[in-house]
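Thanks for coming, everyone. Please have a look at the structure on the screen, and then I'll walk you through it.

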Amino acid sequence: MCGIIGYIGNKEKKEVVLDGLRELEYRGYDSAGISILSNDVLSTFKTTGKLINLEVKCKDFKSSGFGVAIGHTRWATHGKATEINAHPHFGEVSSVVHNGIIENFLDIKKQLESREKVFLSQTDTEVIVHLFEENLSICSNHIKAFKKTIDSLIGSYAILLITKSAPDKIFYAKNGSPLLIGSNGDEIYFASSSTPLIGLVDRVCYLEDGDVGYMDISSFDNLKNIQPMSGEKISSQKEGYRYFMEKEIYEQHKILKDTIRGRILDDSINLELPADFIDGINKVSICACGTSYHAGLSAKYLFEREAKIKTDVFIASEFRYAEPIIEKDSLFIVVSQSGETADTLEALKLANKNGLKTLAICNVDSSSIVREAKYYLLTRAGVEKGVASTKAFSSQVMLLWMLGIYMAQHKKTISNEKIKIQVDNISNSLEATKVNSCIHDKLKKLSKRYLHGHGFFFIGRDIFYPLALEGALKLKEISYLHAEGYPGGEMKHGPIALADSELFCVSLMPKHLLYDKIKNNTQELSARDATICIIAQEYNEVADDVVFIDKFDSYMEEFFAMMIVLQILALEIAIRLGNDVDMPRNLAKSVTVE
Ligand code: G6P
């Protein structure tokens, strides 16, 4: 989603800001722009589409010496993805970039228009710059004018503003959208996530909601909560794979080793949580969005089956406004790859406000969600670049599975022998995620038969139902074909009306969980001429196509093996359709607005 970069210093500001934006590119955007203020000249460049277009547009521009600069990648919310709507938005002497949504922008816009301000764009953001310039003509100084502007805004925002009348400063404000400031002593950097700052700064400040101020080259030390920042820039490469998504599918068996590292001791699960963590907990609520929600739904089956603990799972955007009943003996778990998803973060804040014990399952250390939760466990999947989540999902399911066993150990709901079996299953599941080249080749060939038709049903039962949802989501996200996930037993309650020879059904048929039940459900679709592709250990006459997984002894191993098949199937179909697999249309990697 939208990304922000800011810079104060002597380097070639255009390059610094473009480099920063490149680091944010994978998060999804549809236009981009930069503003550079140096030697009393404020220059702005904006384009639609990829950053390369922006690079071409400003290729002849140079700025020497000290200056300030801001940049932005935009994922359209208010107004189409046009050049005019791209950020920065400018007034007479100032320029602004903004992540988030200004909810009262129409009221402010009407008032400003009634005072003859002219708007160029359809965005909510443009009001900020005009309001600032109006306030500046009334107020005695810049920061007063900026604070007055921010006080008028309702909504979520991370804002950077530069102005010719204060050419050495960047004004900033944060509420609900992430924003960081970093320094290396000689330069100041701003960014909407830590990735662009790695290797450039040695100290960083994660701004808090409500922070408003300005930075010049010497004011970094006045910030509160400055933390050291270490690490070298590791630029992810595709390493011979066609897409980051493909690479990330293949590396799952390696990263899962990191997910479990140090967390299995003496045939039992050992998590970085206090010994009394589970005491007094009688229920679990899990809240998440997208793929992370599917990981949460998978956990419900595992928590209830192993730890005998009642578990409810909520889509975060539905949880926030539903006036949920908050029970004090609940553990509130949020699951998030990025740690920045606005709805999940707000649900977490609500749970904290109500005094619940909160736990984040997250991939990004120091993310907003990790910092907000009372406890956290990191999934250790490494940076995930493909917008369609793969390794983040497997690491979430793995960690949640371990948490389920951990709770079962504490609640003594399973015997030591069963814990040992589960621990063995975990190790075998790592193996199950190793991509078998024969299966990949098979899926490559098969994909050409699944490009037409009016849609796909992915069906599964029990924990294979959330996996079916995830398989359908993967296909939808990158192939743009219509796909739905369903519990197998639900077919005859409506969806089967769509079954005909133009419907594809991908059926998850684990040998070790409700095999006969899902076989019956699949047969019902086959009888109505749908094309059936089963994923199973053994041949079954209901199938038109079979993708065999290796032989496994537990349903969780089958779960992970089938997950790989679903991810590769989506990948190969999308490649055949000629789509940009890593940056699919309309999608963002990190959704920082509600
Ligand atoms: C976006 C991404 C999905 C992701 C979802 C939740 O929609 O495209 O891949 O599952 O956000 O993100 P989170 O970072 O909270 O897991």
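First, a term we need. A salt bridge here is a side-chain nitrogen of Lys or Arg within 4 Å of a carboxyl oxygen of Asp or Glu. Keep in mind that this is a predicted model.

Now apply that rule. How many salt bridges does the count come to? It comes to 37. Take one of them. The side chains of Glu134 and Arg115 meet, with N to O at 2.7 Å. That is within the 4 Å cut-off, so the pair qualifies. Where do the two partners sit? Glu134 is in helix 4, residues 126–138. Arg115 is in the loop between helix 3 (105–114) and helix 4. The pair therefore ties together parts that are 19 residues apart in sequence.

Next, the domains. The domain assignment gives the protein chain domain 1 at 3–228, domain 2 at 241–434 and domain 3 at 435–594. I'll stay with domain 2 and domain 3. Their C-alpha centres lie 24 Å apart. How many residues are in contact? On the domain 2 side there are 43, and they touch 44 residues of domain 3. Between them the two domains bury about 3,700 Å². Carbon and sulfur atoms carry 63% of that area.

What about charges across this interface? The rule finds four salt bridges between domain 2 and domain 3. There is also a salt bridge between Glu594 and Arg320. Its closest N and O atoms are 3.7 Å apart. Polar contacts between domain 2 and domain 3 come to 19 residue pairs.

Which elements of domain 2 make up the side that touches domain 3? Those giving two or more residues are helix 6 (244–250), helix 8 (290–307), helix 10 (342–353), helix 12 (391–411) and helix 13 (416–432). Helix 8 gives the most, with nine residues. By type, this side of domain 2 has 17 nonpolar, 16 polar and 10 charged residues.

On to the ligand. Which come nearest? Now look at the backbone. A polar backbone atom of Thr291 is 2.9 Å from an oxygen atom of the ligand. For Val387, a polar backbone atom is 3.4 Å from a ligand oxygen. For Ala588, a backbone N or O atom lies 2.8 Å from an oxygen of the ligand.

Last, two backbone details. Most residues other than glycine have a negative phi, and most peptide bonds are trans. Now check His87 and Pro88. The peptide bond from His87 to Pro88 is cis, with omega near -5°. Pro88 is in the loop between strand 4 (67–74) and strand 5 (89–90). Then there is Lys308. Its phi is positive, near 50°. Lys308 lies in the loop between helix 8 and strand 17 (310–315).

That's my tour.

Key
Residues are numbered from 1 along each chain as its sequence is written. This is a predicted model: local features need pLDDT of at least 70, side-chain atom pairs count only at pLDDT 80 or more; totals for chains, interfaces and linings use all residues. Side-chain values use heavy atoms; hydrogens and water are left out. Domain bounds come from an automatic or database domain assignment. Contact means heavy atoms within 4.5 Å. Buried area is the accessible area (1.4 Å probe) that two parts lose on being put together, summed over both. A polar contact is a pair of N or O atoms within 3.5 Å; within protein, one must be able to donate a hydrogen and the other to accept it, and residues adjacent in sequence count only if both atoms are side-chain atoms. Helices (H or I, at least four residues) and strands (E, at least two) are DSSP runs, numbered from the N terminus. Ala, Val, Leu, Ile, Met, Phe, Trp, Tyr, Cys and Pro count as nonpolar, Asp, Glu, Lys and Arg as charged, and the others, Gly among them, as polar.
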